Amino acid sequence: MSTAKSTAPFQGRALAEVVSELTEEIRELYTADEVPWVIGYSGGKDSTAVLQLVWLALQGLPDEQRKKPVHVISTDTLVENPVVAAWVTQSLDTMGKAAKEQGLPIEPHRLIPEVKDTFWVNLIGRGYPAPRPKFRWCTERLKIKPSNAFIRRVVRRHGEAILVLGIRKAESQARARAMARHEKRRVRDRLSPNGNLPNSLVYSPIEAWGTDEVWMFLMQYSNAWGHRNKDLLTMYQGASEDSECPLVVDDTTPSCGDSRFGCWTCTLVDKDKSMTAMIRNDEEKEWMRPLLELRNELDDVSKEKETRDFRRMNGAVQLFHDGVIQGPYTQEARQKWLTKLLDAQTLVRRTSPESVQGIELISEAELHEIRRIWVFDKHEVEDTLPGIYEKATNEKFPGRPLDEQLVLGAEEMDLLKEVCDGDEIHFTMTRELLAVERQHRTMTRRSGLFKELEKTIKKGFYENEGDALQFAKRKQEIRDTVPTYVTLDEEKTTDAPS
């Protein structure tokens, strides 16, 4: 990432002049129509600066003009850096109280993904591998869907919406290019159409600011809702490797603008620099080490061969060059990830400061959904999740017993394994055949039973991964050698006699 540096903050203009000009622009835009505003707030420096500018602008309006709602939305992925997540939650609470006291139409909202879309339900439940740049399944589910759903509700209610975002051209070259594309279709300065959501515009008041200018504003203008900006600076300092965060720098001076807060489980980056720095710079953050270690284990690609199935989610075997494309995590791997996660949660609760001792790395709702997926979707009818939970936490699992008609006990599973003589593929196939039949047993009409049985048999057709690889190669060779016949529509007519 390249970050632009400005030789003179605000091109030599005084900070007060820039702020006065921007707040006047915000007031003009706010009072121009009845379109509600939605501010994206992450608790970081850029979104804090934007929200603070809007807050200052609204304070300068008479009461009768403060009628249009300003929704402040913050998306909690449920795997956010715990320090940042706590900061944002406290900030939203403070914000809501301050807005009421000051008579401002600012409404904070904490958004979370649906249970079926959460990180752990997809990784531990469905077996999705840790996210990679070419399989970035997390961003859409955890961040985009919750915020887009909220914005669409606002648009349905009011016809349109204006999104106020803390995006800046200096953040990266990619961001600058994207903003430049949207500028061509602008309806006015700093107001661009949203490429993803119809009937919504994007307003970016600090798009031309550099990192140092953001910090200069935050340090010289106190936080309007009572959440200290100096504490925000301290958090950024703690997340920088050198523990420094200068406000005015030259080209060689490091800036904490490179500190990036995000999901503690993120494997889209080579290293979680912010969490690593937090632990190194502050002994009181040592309790976060189990999270960092688990994140690094998720990122270890050397173990993917042994932790992932050689079949895709639908049971198909796909080739890439001369090898098999690895599929979801195996049952054993998913059980181990759940154990490691619950162990980390137990350890963190025991060693962390009192303020975070109730930390929840995985929710009860997620555990129930994972259990449902394992037993009913994946036909892992042993129902092992309650036992894993109780062993890791020394607490009774809070869920109800499942339908006994759909669950097979440990004795039956041991007997089945004995019959299969250690053949894991045939054991899982037989177990799934039993589960499919038992699921259809209680149905009035058993339509679809034979199709499901056939699908299960095809999935368990192979002796092992080597057998599956050879079978897939033979199929590929057959497809490559079968001639392509000309269809009737493509045949050319001739005048030759019959």
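R311 is found in the loop between α11 and β7 (319-320). Helices (H or I, at least four residues) and strands (E, at least two) are DSSP runs, numbered from the N terminus. The model is predicted: local features need pLDDT of at least 70, side-chain atom pairs count only at pLDDT 80 or more, and totals for chains, interfaces and linings use all residues. Residues are numbered from 1 along each chain as its sequence is written, and side-chain values use heavy atoms, with hydrogens and water left out.

R311 is buried, with a relative accessible area of 8%. Buried means under 20% relative accessible area, exposed over 50%, and partly exposed in between (1.4 Å probe, protein chains only). R311 touches A316, V317, G327, P328, I425, K459, G460 and Y462, leaving aside residues up to four places away in sequence. Contact here means heavy atoms within 4.5 Å.

R311 also belongs to the lining of the second largest pocket. A pocket is defined on a 1 Å grid over the protein atoms alone, as an open set of points where a 1.4 Å probe fits, with protein on both sides within 12 Å along at least five of seven lines; lining residues have an atom within 4 Å of a point. The volume of this second largest pocket is about 1000 Å³. Grid points are joined across faces, edges and corners, and a volume is the space filled by probe spheres set on the points. The lining has 41 residues, and those closest to the centre are D309, R311, R334, E380 and K459. At least two lining residues each come from α11 (304-307), α12 (331-351), α13 (364-377), α16 (424-441) and α17 (449-459). The largest share, seven residues, is supplied by α16.

V348 is found in helix α12. Its relative accessible area is 0%, so V348 is buried. V348 touches W287, P290, L291 and I359, again without residues up to four places away in sequence. The C-alpha atoms of V348 and E286 are separated by 9.5 Å, although the two residues are 62 apart along the chain. I370 lies in helix α13. I370 is likewise buried, with a relative accessible area of 0%. Residues touched by I370 are W120, V121, I124, G125, I362 and L385, not counting those up to four places away in sequence. I370 and W120 are 250 residues apart along the chain, and their C-alpha atoms are separated by 8.2 Å.

Helix α14 (residues 385-393) includes T393. T393 has a relative accessible area of 12% and is therefore buried. The side chain of T393 reaches the backbone oxygen of Y389 at 2.7 Å. T393 touches L342 and T346, with residues up to four places away in sequence not counted. Loops on either side of α14 were also examined. D383 is found in the loop between α13 and α14. Phi of D383 is near 55°, a positive value in a residue other than glycine. D383 counts as buried, at 16% relative accessibility. N394 lies in the loop between α14 and α15 (410-420). Phi of N394, another residue other than glycine, is positive as well, near 60°. N394 is exposed, with a relative accessible area of 72%.

The sheet was then considered. Six strands form an open sheet with mixed pairing, in the order β3-β2-β1-β4-β6-β5. Its edge strands, β3 (106-111) and β5 (191-193), each pair on one side only. Two strands pair if DSSP finds at least two bridges between them. From one strand to the next, the twist averages 30°. Axes are lines fitted to C-alpha atoms, for helices over the stretch in contact, and angles run from 0 to 180 degrees between N-to-C directions. Strands β4 (residues 161-164) and β6 (residues 200-203) run parallel and are joined by four bridges. V164 has Y203 as its bridge partner in β6.

Helix α2 (residues 45-59) lies across β1 (37-40), β2 (70-75), β3 and β4, and runs at about 145° to β1. Helix α5 (residues 137-158) touches β1, β2, β3 and β4, and its direction makes about 160° with that of β2.

Over the whole chain, there are 18 helices and eight strands. Of the 498 residues, 47% are buried. Among contacts between residues at least 6 apart in sequence, 71% join residues at least 24 apart.

Methods: Polar contact = N/O pair within 3.5 Å; in protein donor to acceptor, adjacent residues only side chain to side chain.
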